[in-house]
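Visitor: I am new to reading strands and sheets. Could you walk me through a few of them?

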Amino acid sequence: MTRSLILSTFLMLAGCHGGLKQPYSIEPSLNNSLALRNPADQLWHNKLKAYPNQIVNLSDSLVLIGDSRGGLTTLNINTGDRTDRYWRPLKHPVQFYGHGDSVLYFSAETDKEIIAWDIHKTVQVWEKKFDVDYHEMIFIDSLLYFLSDSSVAKISATLGDVFQTIHLEAKLARGTARARDKIYICTESGELLEFDQQLNNTDKMDLNISMVEAMWQFGERALVYNSRGSIRIVALEKAEIEFSKDLNVALYAAPRLANDLLIIPFATGKVSAYSLKEARQKWSFAAGSLLNLDVLITNETIIFAYARGQVVCLDAETGTELWSYDHGESINFAALTHNGVLLGHRKEITFIGEKHAN
């Protein structure tokens, strides 16, 4: 009996463990016509094998979801059906680094092993164990630049071999930026460092901001912030600070840039939009709920998913509320797809969008 149980368990794990079996491609960006100005409603509801963690938009109808147990699941967003799954048993939440061509680079959080998987050819390109835990990646031609807490490594995209590693004295914040042929990283103490592709430090700038949380790139600009409400926007081409503000309030979600607007989501549920061109606050919106999830931005609207379950869509230019949706339970995951929004509550996943979209 015991032998039979062990054999059954082994077969179950063997059947689940493995790569994605179907070929996929990654479209470069979301549909530029996406606006979601009309009221959104639930289009379908499903349950995953584990908590959703990150997504990659593959096409108009497919997303790839990384989950809390090391799984990658392809999901048809028109129907909610799970179509394919890659699973590594007993692993930590999936961390997507990015992709180059058709190769997706990912690992499990806090795991020093990185996998390069060709999602079009459905084969593993390489799998490597490194000395440090990398958390960011930039893809340039056939090279990968991986960042850890205090180092940068240049790695072959095709083989996974480490060509060069530099170690920095300062601890690095999350996020990277790239402009022209330069790579930009930021230290937690607020120093913006510029490197060439040979990892020579070519310039640096003191941003006068401490305890930096992360840096995000928006076009030719880099946005640097901390959880105390200090924000800097740097024009990378000019190497100058375009915007600087110290709000001294808690930010649990990252500020974002939407064209000329800086969107600041305060932890208390208030959202403010600052015009960079006019150098003034343009509009403000408030809801009495914790705001700690990423702001979702379409070409015309801004969508906020509040922790208690309320989803609000605002006109980006005016801040006017266009619609709201009550999820009916807390939300701990929200992501924008090509034609709607995925909301997660534990293992449950819900897709909301305009009724005519499907």
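Predicted model: local features only at pLDDT ≥ 70, side-chain atom pairs only at ≥ 80, totals over all residues.

Visitor: How many bridges join β3 and β4?

Guide: β4 covers residues 71-76. It pairs with β3 in the antiparallel sense. The number of bridges is 5.

Visitor: Which residue in the hairpin of β3 and β4 takes a positive phi?

Guide: This hairpin has 3 residues between its strands. A positive phi near 90 degrees occurs in it, at G70.

Visitor: Which residue of β3 does I55 stand opposite?

Guide: Look at β2, residues 52-57. It runs antiparallel to β3, and 5 bridges join the two. They form a hairpin with 4 residues between them. Opposite I55 stands I65.

Visitor: Is β3 largely enclosed or open, and why?

Guide: Residues count as buried under 20% relative accessible area. L62, L64 and G66 point one way from β3, while V63, I65 and D67 point the other way, and all are buried. Because 6 of the 6 residues of β3 are buried, the rest of the structure leaves this strand largely enclosed.

Visitor: Which strands are the edges of the open sheet of 4 strands?

Guide: The order is β1-β32-β31-β30, with antiparallel pairing. An edge strand here pairs on one side only, and that holds for β1 (41-47) and β30 (333-336). From one strand to the next, the twist averages 20 degrees. The edges are β1 and β30.

Visitor: What is the bridge partner of Q42 in β32?

Guide: β32 spans residues 348-353. It runs antiparallel to β1, joined by 6 bridges. The partner of Q42 is I352.

Methods
Residues numbered from 1 in each chain as written. Heavy atoms only, no water. Buried < 20%, exposed > 50% of the residue type's maximum accessible area, 1.4 Å probe, protein only. Pairing = 2+ DSSP bridges. Axes fitted to C-alpha atoms, helices over the stretch in contact; angles between N-to-C directions.
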